[in-house]
Amino acid sequence: MKLRIKRFAATAAALLLALCVLAQPTATVQWSDSTAAVGDSVYEITFTGRILDGWHTYDLHSGFSSTVIAFEPSEGVELVGDSFEKVAAERRFDEIFGEEIGEYEGEIVLGQRVRLTAAEGVLRGNINWRSCQGDNCNMPEDWPFEIRLPFTSRRSATRPIRRGRGCWD
C-alpha cells in the first residue's frame, strides 16, 4: 500500500513538473537594441523585435493595441522628437476594433533619437506590446531596457529577451 502511494505521488509530481515546464510563458517578440551616432551628441536608438512565426503585433498608431515605448526621465539624455517606425507597418481596417490598424509579422523596427547633454547618460524605458495569433491575442507584454551613452563599439547593445516566470517564481 505504501509503495502504491509513493508511486502515485511520484507520478503526480512528474506530471505537475511537466505541465509547469510546458506552461512557461514565451515572449512573442524578442527585442534587441542598437545605437548609432548621427550628429553632434545626437544618437539614434533602434529597437528591433523578432516576432514568433504565426504571430503579429501592432504599430505605434493602432489605438487600443498600439506598441508603446515609454522612457523614464534621465539626467544627461533628452529625447529628440517622438518614437518612430523605421519600417512601415501593413495597414488595414480591422472589423473587431472598428478602426484602421498597422500590423507587423516577422519583424518590427522602431527608432528614437536622443541628445546627450552631459559626458554620459543612461536611457531607460520599457516597450509594451500585444501580439496576436489569428483572432487570439495575448495579454500585453513588456521589455525593459537600459542603454548607456555614449555608445562605444566595445559593448554589445544587443541583449536577449528576459523570459517569463515559471510555476514557482
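Author: A residue is called buried under 20% relative accessible area, exposed over 50%, and partly exposed in between, using a 1.4 Å probe and protein chains only. At 11% relative accessibility, glutamate 44 therefore counts as buried. The model is predicted, so local features need pLDDT of at least 70 and side-chain atom pairs count only at pLDDT 80 or more, while totals for chains, interfaces and linings use all residues. Residues are numbered from 1 along each chain as its sequence is written, and side-chain values use heavy atoms, with hydrogens and water left out.

The side chain of glutamate 44 meets that of lysine 86 in a salt bridge of 2.7 Å, N to O; the term denotes a side-chain nitrogen of Lys or Arg within 4 Å of a carboxyl oxygen of Asp or Glu. Glutamate 44 lies in strand E2 and lysine 86 in the loop between strand E5 (77-85) and strand E6 (90-94), so the pair ties together parts that are 42 residues apart in sequence. Strands (E, at least two residues) and helices (H or I, at least four) are DSSP runs numbered from the N terminus. Lysine 86 is partly exposed, with a relative accessible area of 36%. A network of salt bridges links Glu44, Lys86 and Arg113.

Threonine 46 is also found in strand E2 and is buried, its relative accessible area being 11%. Leaving out residues up to four places away in sequence, threonine 46 touches Ser32, Asp33, Ser34, Lys86, Val109 and Leu110, where contact means heavy atoms within 4.5 Å.
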